[in-house]
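Open the model in your viewer and follow along. Each stop gives you something to select and tells you what is there.

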Amino acid sequence: MRVISGAAKGRPLKAVPGNNTRPTTDKVKEAIFSMIGPYFDGGAALDLFAGTGGLGIEAWSRGVERVVFVDREKISIDIIRHNVAAAGAERAAEIYRNDAERALKVLAKRSLKFDLVFLDPPYRMTTMDQLMTEMAEKDMLEPDAVVVVEHDAEVDYPEELVSFRQIRQAKYGDTAVTIYEYINNEDSLDRRDSNGDEQ
């Protein structure tokens, strides 16, 4: 595993020992960033099931200003800390040991908002659409934020969700990547009202 492009290009990253964590392969990671970037001009990212931290670190290397990493396993947190340091991203990173739903509550209380979200949970978890809806309800997403869901290729996420629209889907063997754009419905209504017939 390595950082593929950007400021930390080529830096090696450690994997989490054992079979409980499935790191995103370099091939899939490159495909993800070719679809959503490949580079960024600042902004904040959330790597919610961070594992090794590889996706969040890649986003930082390609220009994202701040990244919050969350994982529930201590061994993953230790690996994320190592990889963040190896990439030179310590000043840009916040790293928390917590489960996803609790983490969202804590981050929402801080009024944090994200431009980019990575959801790469264990494949047995197929409720990322519910977490996305929760993030929208808690006002945690910037307008036009992008959410990347990595999941089992046999699982299909819906094309349309409240506050989101699917913009890409691709399959790589037994892995699928589904990408959504956040649609701020209030903004859409405001635009329609401003173009309407009201005086």
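**Stop one: the rings**

Select Phe-33, Phe-40 and Phe-118: ring pairs link them into a cluster. Rings of Phe, Tyr and Trp (its six-membered ring) pair if their centres lie within 6.5 Å; planes under 30 degrees apart count as stacked, over 60 as edge-to-face and the rest as tilted.

This is a predicted model, where local features need pLDDT of at least 70, side-chain atom pairs count only at pLDDT 80 or more, and totals for chains, interfaces and linings use all residues. Residues are numbered from 1 along each chain as its sequence is written, and side-chain values use heavy atoms, with hydrogens and water left out.

How many aromatic pairs does a search of the whole structure find? It finds 3. Zoom in on Phe-33 and Phe-40, an edge-to-face pair with 6.2 Å centre to centre and 75° between the planes. Is Phe-33 buried or exposed? Phe-33 counts as buried, because its relative accessibility is 0%. Buried means under 20% relative accessible area, exposed over 50%, partly exposed in between (1.4 Å probe, protein chains only).

**Stop two: a tilted pair**

Now select Phe-164 and Tyr-182. Their rings form a tilted pair, 5.5 Å centre to centre, with 55° between the planes. Phe-164 is buried at 1% relative accessibility. Tyr-182 is buried too, at 6%.

**Stop three: a charge over a ring**

Finish with Arg-62 and Tyr-39. The charged end of Arg-62 sits over the Tyr-39 ring, 5.6 Å from its centre. The test is NZ of Lys or CZ of Arg within 6 Å of the ring centre and within 35 degrees of the ring normal.
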